[in-house]
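Please look through the model shown here before reading on. The paragraphs after it are meant to be read with the structure open beside them.

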Amino acid sequence: MRTFHRDVFTDLVSRVLVGVLFLFLSINLLKEFLQTGHLTGLLLLTSEALVVVLTVLRRRATVIDRSAAAAVVTTVSVLGPPLVRASASGALLPDVATAVLSAAGLCLVIAGKVVLGRSFGLVPANRGVVASGPYLLVRHPIYSGYLITHIGFVLAHPSAWNIAILVVADTALIVRALYEERILVRDEQYREYCSRVGWHLVPGVF
């Protein structure tokens with residue numbers, strides 16, 4: 001019973017925290033969009049909005065990784081992206097190029113989340129095995145989409161702060177993906193899925 005109450009409290013805190021950080025990110029990026037008309041930041045905002053929506057709607061997990069390490073990597077990977085800010089630093093590529101890159105990442109995120117539905121979660125857990133759509137290409141297409149979107153944002157806003165935040169957050173995201181697999185591999189259905197889909201995030205690379 002104590003574990004149940006702790007999980008409920010932790011779940012509530014995570015939802016509230018994600019919502020508050022998203023609010024601050026929204027203010028910053030919407031302001032930048034109104035001033036410049038650049039789409040790259042707006043696309044990142046859309047991606048993060050999906051995190052908020054699915055965090056609220058997600059179903060309860062059957063198996064959860066309650067280790068301190070899993071909690072740390074999850075926290076860092078989730079709280080990092082909302083801390084980035086539009087910067088005055090010169091973009092490394094034209095807005096149209098970074099917007100196209102960000103849009104490609106966003107499309108992958110949306111496709112992955114549509115297929116995943118309420119099985120989406122934050123902490124590494126088993127909320128059901130999904131093996132269709134973009135999950136036929138890599139095991140973590142949503143995370144792949146995040147990485148592409150983050151690269152697009154950094155190319156548009158290459159400040160030292162943004163680079164540092166996203167390098168740390170995305171490293172944690174990759175570790176989080178591996179932690180999720182550590183939980184899911186206990187499921188025979190997931191082991192069978194892994195025998196068909198060998199790549200974690202990037203086909204032919206990793």
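What follows goes from the overall layout to the helix packing and then to the charged pairs.

This is a predicted model, in which local features need pLDDT of at least 70 and side-chain atom pairs count only at pLDDT 80 or more, while totals for chains, interfaces and linings use all residues. Residues are numbered from 1 along each chain as its sequence is written, and side-chain values use heavy atoms, with hydrogens and water left out.

The chain contains 7 helices and 2 strands, where helices (H or I, at least four residues) and strands (E, at least two) are DSSP runs numbered from the N terminus. Followed along the sequence, these elements give the pattern α-α-β-α-α-β-α-α-α. Of the 206 residues of the chain, 45% count as buried; here buried means under 20% relative accessible area, exposed means over 50%, and partly exposed lies in between, with a 1.4 Å probe and protein chains only. Among the contacts (heavy atoms within 4.5 Å) with a separation of 6 or more, 83% come from residues 24 or more positions apart.

Two partners of α5 can be examined in turn. Two packed helices are described by the angle between their axes and the distance between the axes; the axes are lines fitted to C-alpha atoms, for helices over the stretch in contact, and the angles run from 0 to 180 degrees between N-to-C directions. Helix α4 (residues 95-116) and α5 have axes that come within 8 Å and cross at roughly 160°, and α4 and α5 are therefore roughly antiparallel to each other, given that angles under 35 degrees count as roughly parallel, over 145 as roughly antiparallel, 65 to 115 as roughly perpendicular and the rest as oblique. The crossing of α4 and α5 is left-handed, a term used if the near helix is turned anticlockwise from the far one by less than a right angle, whereas clockwise is right-handed. The residues that make this contact include Gly-105, Leu-108, Val-109 and Gly-112 of α4 and Ile-148, Thr-149, Gly-152 and Phe-153 of α5.

With α6, helix α5 packs at an angle of about 175°, the axes being 11 Å apart, and α5 and α6 are therefore roughly antiparallel to each other. Among the residues that meet here are Tyr-143, Tyr-146, His-150 and Phe-153 in α5, and Asp-170, Leu-173, Arg-176 and Glu-180 in α6.

Helix α3 (residues 68-79) also packs against α6, at an angle of about 135° and with the axes 8 Å apart, and α3 and α6 are therefore oblique to each other. The crossing of α3 and α6 is left-handed, and the residues that meet include Ala-69, Val-73 and Val-76 in α3, with Ala-172, Arg-176 and Tyr-179 in α6.

The charged pairs come last. Taking a salt bridge as a side-chain nitrogen of Lys or Arg within 4 Å of a carboxyl oxygen of Asp or Glu, the count comes to 3 salt bridges. Glu-181 and Arg-139 form one of them, at 2.8 Å from N to O, and this pair links distant parts of the chain, with Glu-181 in helix α6 (residues 160-184) and Arg-139 in the loop between β2 (125-126) and α5, 42 residues apart. Glu-181 is buried at a relative accessible area of 9%, and Arg-139 is buried at 14%.

Another salt bridge joins Glu-180 and Arg-176 at 3.8 Å, N to O; being 4 residues apart in helix α6, Glu-180 and Arg-176 are separated by about one helical turn. Glu-180 is buried at 11% relative accessibility, as is Arg-176 at 3%. In helix α7 (residues 188-196), Arg-196 and Glu-192 are likewise 4 residues apart, about one turn of the helix, and their side chains meet in a salt bridge at 3.0 Å, N to O. Arg-196 is partly exposed at 46% relative accessibility, and Glu-192 is partly exposed at 41%.
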